[in-house]
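Visitor: I'd like to learn how to read a few features off a model. Can we go through one together?

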Amino acid sequence: MYLYKCGHETPIEGVQARNSGNRYQFILYQNRYFIQINNFSGDSGNVQIMTRLANALTASIESSDVQNHIFEGLPRHHRLIGSEFIIRGQYAMQPIYTFGSGDIFRLNGQRYAFGADYQINDNHRFTMLIIPYARKDQARTVFADIPHNLDRYLTIVHQSPDQIIFKDYRDEYGLIQLNNNALHIKIHLADNPNAL
C-alpha cells in the first residue's frame, strides 16, 4: 500500500518511520501498518504537529525488518534506497514501462514483480525488475512469447535463447533475461548491454 501511494518518495525531515509527503499529507508505514495524516488547509504551521503525531503513532508500533525480505532478490549494490516498488498486474506495470499491450508477463493479478532504480554514476541510472514464476517452464513460455508481444516502439537488437535486448524510441536500451524460473529485466540503459 505504501509503495503504491508514495510515488516519488519525498521523506519529511524529523519523521522516524519510512515516509513520504508534504505539508498537505504524510504517508508512512511501520511493520504492517499504513498511516496517512492529512492537513487539508495546507498550513505549513501544522507540519510540526503532523511530525509529532507521526512519531507518536509509530513509536507505539513494534518495528519490523519485513520490508528487507521483500526485495532480497534485488542486488543491493548501487540500489537507490526508497525507489523499490512492487507490481501485481498489467495496470501497475504501465507507469513503470510500456512493454506491450495486455498482460505481456502474465502476472494475472496474482504474480508479483519487484523492482528498484539503480544509480551507477551521475550519468547512469536504470531500473531493474524481477518477475519470479512458480516453475522454470512457466518463465520460459512467457519469455518465448515476448518478441511477439513487445510494443511496436521497441526494436529487438539482439535475441538468444535466454536474452532479449531491445531499443526504445528514446534510444535507451532494455534487457530481458531468462534466469531459471524468473525474468530479470533492466530498462533505461544508456548503452547496449552487449557492449558492456
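Visitor: How many aromatic pairs does the structure hold?

Guide: Rings of Phe, Tyr and Trp (its six-membered ring) pair if their centres lie within 6.5 Å; planes under 30 degrees apart are stacked, over 60 edge-to-face, the rest tilted. Here there are seven such pairs. One of them is Tyr97 with Phe99, tilted, at 4.8 Å centre to centre and 55° between the planes. Keep in mind that this is a predicted model: local features need pLDDT of at least 70, side-chain atom pairs count only at 80 or more, and totals for chains, interfaces and linings use all residues. Residues are numbered from 1 along each chain as its sequence is written, and side-chain values use heavy atoms, leaving out hydrogens and water.

Visitor: Are Tyr97 and Phe99 buried or exposed?

Guide: Buried means under 20% relative accessible area, exposed over 50%, partly exposed in between (1.4 Å probe, protein chains only). Both Tyr97 and Phe99 are buried. Ring pairs also link them with Phe105 and Phe166 into a cluster.

Visitor: Why is the pair of Tyr153 and Tyr169 edge-to-face?

Guide: Because the planes sit at 70°, with the ring centres 6.4 Å apart. Tyr153 is partly exposed at 47% relative accessible area, while Tyr169 is exposed at 61%.

Visitor: Which strand does β8 join, and by how many bridges?

Guide: Strands are DSSP runs (E, at least two residues; helices are H or I, at least four), numbered from the N terminus, and two strands pair if DSSP finds at least two bridges between them. Strand β8 (residues 163–167) runs antiparallel to β9, with five bridges; Ile165 partners Leu175 there.
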